[in-house]
Amino acid sequence: MSSRTETFYEVMRRQGLSRRSFLKFCGLTSVALGLGPAWAPRIAEALETKPRIPVIWLHGLECTCCTESFIRSAHPLVKDVVLSMISLDYDDTIMAAAGHQAEAILEEVRETHKGEYILAVEGNPPLKDGGVYCLPGGRPFVDKLTEMAADARAVIAWGSCASWGCVQAAKPNPTQATPVHQVVTDKPVIKVPGCPPIAEVMTGVLTYMLTFERLPQLDRHGRPKMFYAQRIHDKCYRRPHFDAGQYVESWDDEGARKGYCLYKMGCKGPTTYNACSTVGWNEGVSFPIQSGHGCIGCSEDAFWDKGPFYERLTSLEPLAAEGTADTVGATLAALAGGAVAAHAGVSIVKTAADKRDRRNARAAAQAEADRAARARPPADGSDRTDT
Amino acid sequence: MTIHTGRDIHAADVTPEDASIERTSIYVYEAPLRVWHWVTAVTITVLVVTGFFIGTPLPSVPGEASDSALMGTIRFIHFTAGYVLAIAWLLRIYWAVVGNHHSRQLFKLPFWRRDYWGGVLWEASWYAFMRTEPKKYVGHNPLAQFVMFTVFTLGMFFMIITGFALYAEGTGLDSWQYWLFGWVFDIFPNSQSVHTWHHLGMWAFVIYTILHVYAAVREDIMSRQSMISTMISGERMFKDNRDD
């Protein structure tokens, strides 16, 4: 690491990029961030003058799909430059250094850039048994994470693992995999969920933080509003079919060929906050719904336990095996209806029986009275003796 | 409870048979409360039907998407009915403040009163056919009050809050609906869970309605006071004038 940190622009020029390409990147980025073209010069100025913020990229319990996505960031400049643009001082997946030499960088950045560097976390720490289920460099990941977070300016939680826990946190979560914000509680944690997150969203968040030297506006869960404020459903190009009432009823039916809404096939677009339906994937070529498959909600909390992926209603296991709110509710409603009918039946029978009993009792009393009257001399006394 | 407000019947054609039951009445449900009851009955019915078809849509509509708006219409009706229900509920809460003391019973559960639970058990024994004659009540009986409070009143708050939270997802993060009800997503970060709970709540109301209508009809026939007509006229009439 050099002591004097280069600016982004210097790095880009050193890498052989033309000024024209650089300005194109600034323009596209400002539009992608929703700032409008007028902001392109501001971004250019920031990239020309600001020293690169060192980024430490840690990997915990994860599958590296975030990195895979990140390195495919579609915009040519991003793809070519971003790894140099941010001063990515440590990323054990893609860095050249290895072993003790690599681990020494962590210590160095902590000291030289105390309170300045951004800690990007891919994956999460498993906490069970002292964190022994994830041991990068021979130490529990949770220790490495809390240590590096202590001197960071902010923490970025890349992907659903770091943001929510993802599949390793699915029930019964055997290693107690825990999202970053529950471990790092004294620093701002920016969640960039998705499995993986969209490449342009990742670079967009970084570019914003660098340009404005502040955190992007976050929603209540800590997700940047500019990419996570709306659901897939809100901007889905198949939304008109949803509103019209036109659905794919089964795979490969007429509706599927016509590109109808995948709601009935379990699409989780209506409950998933992400930018897939606007930004798209692979240079905006497509996204799951566009290729005919419903959204599985990969950027949402506990999406792995809210299945099935191909049903609209969530299964209520273990409460009801393969049952949904409808099967549970309808069963209980049928039971209530049956109970009411049975209760009504018993009520009718018992009321009739009570009535009969009362009638019988009245008749018996009447008969008793008659008998008594017959046995007694007449009251108006033909044979009265005392008159 | 002793109710003794009997009065003689002075009608031109009164017969001894008519007079054998002394009918008495007490004004229980004031007009705004009765209007609220029937408005809520209609909106809950509409909400259950439309809500079910939002979760399980009708078969697909043929033709161009621009020619129909089936789901859009069903959702519009659902949201409108939801607004009517919620506003009526707010007015109902207001009426609990300014109305007569019967209007407050829906919002109270005398949890710490021993004699209240005794009353619940007694009423349960009436429903279990262990009594030949029920007691007389001016307001809700203790068992009814228990179900009203735990299922209906709490259920209304639950459904209105979760319903508006889900609605806020459409109106956006900067809407007043999200500002007021967004905290629901602090409890359930994934709104799919809110959908599932809201859906289960719908079934709770379906079951509640079955029991409510049955109990009202049965009590109207078998109890010692009027039920259904009371929610129309407001007058609770008693079929006899004996003490309990």
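**The A–B interface and the nonpolar cores**

Put together, chain B and chain A bury about 4000 Å² between them, with 56% of it on carbon and sulfur atoms. On the side of chain B, the residues that lose the most area to chain A are B:Phe129, B:Leu173 and B:Gln192, which together make up 16% of what that side buries. The model is a predicted one, and in it the contact draws on 51 residues from chain A and 50 residues from chain B.

Polar links also turn up here. Between chain B and chain A, 30 residue pairs are in polar contact, both partners being at pLDDT 80 or more. Three salt bridges cross the interface; A:Arg220 and B:Asp186 meet through their side chains in a salt bridge, at 2.9 Å from N to O. As for what chain B brings to the side that touches chain A, helix 2 (31–55), helix 3 (70–98), helix 5 (142–171), helix 7 (184–187) and helix 8 (191–222) each supply at least two residues. Helix 8 of chain B gives the largest share of that side, 16 residues.

Now for the cores. The largest nonpolar core has 47 residues, and A:Leu47, A:Ile156, A:Trp158, A:Val192, A:Val201 and A:Ile289 touch the most other members. Helix 9 of chain A (residues 199–212) puts in eight residues, the largest share of this core. Both domain 1 (8–226) and domain 2 (232–312) of chain A contribute, with at least three residues from each. Leaving aside residues up to four places away in sequence, A:Val201 touches A:Val192, A:Phe227, A:Tyr228 and A:Ala275. Apart from this core lies another, of 36 residues, including A:Leu119, A:Phe141, A:Ala170 and A:Phe303.

Conventions:
Residues numbered from 1 in each chain as written. Chains lettered and ligands numbered in written order. Predicted model: local features only at pLDDT ≥ 70, side-chain atom pairs only at ≥ 80, totals over all residues. Heavy atoms only, no water. Core = buried A, V, L, I, M, F, W, Y, C linked by side-chain atoms within 4.5 Å. Buried < 20%, exposed > 50% of the residue type's maximum accessible area, 1.4 Å probe, protein only. Helix = DSSP H or I, 4+ residues; strand = E, 2+ residues; numbered from the N terminus. Domains from an automatic or database assignment. Contact = heavy atoms within 4.5 Å. Buried area = accessible area lost by both parts, 1.4 Å probe. Salt bridge = Lys/Arg side-chain N within 4 Å of Asp/Glu carboxyl O. Polar contact = N/O pair within 3.5 Å; in protein donor to acceptor, adjacent residues only side chain to side chain.
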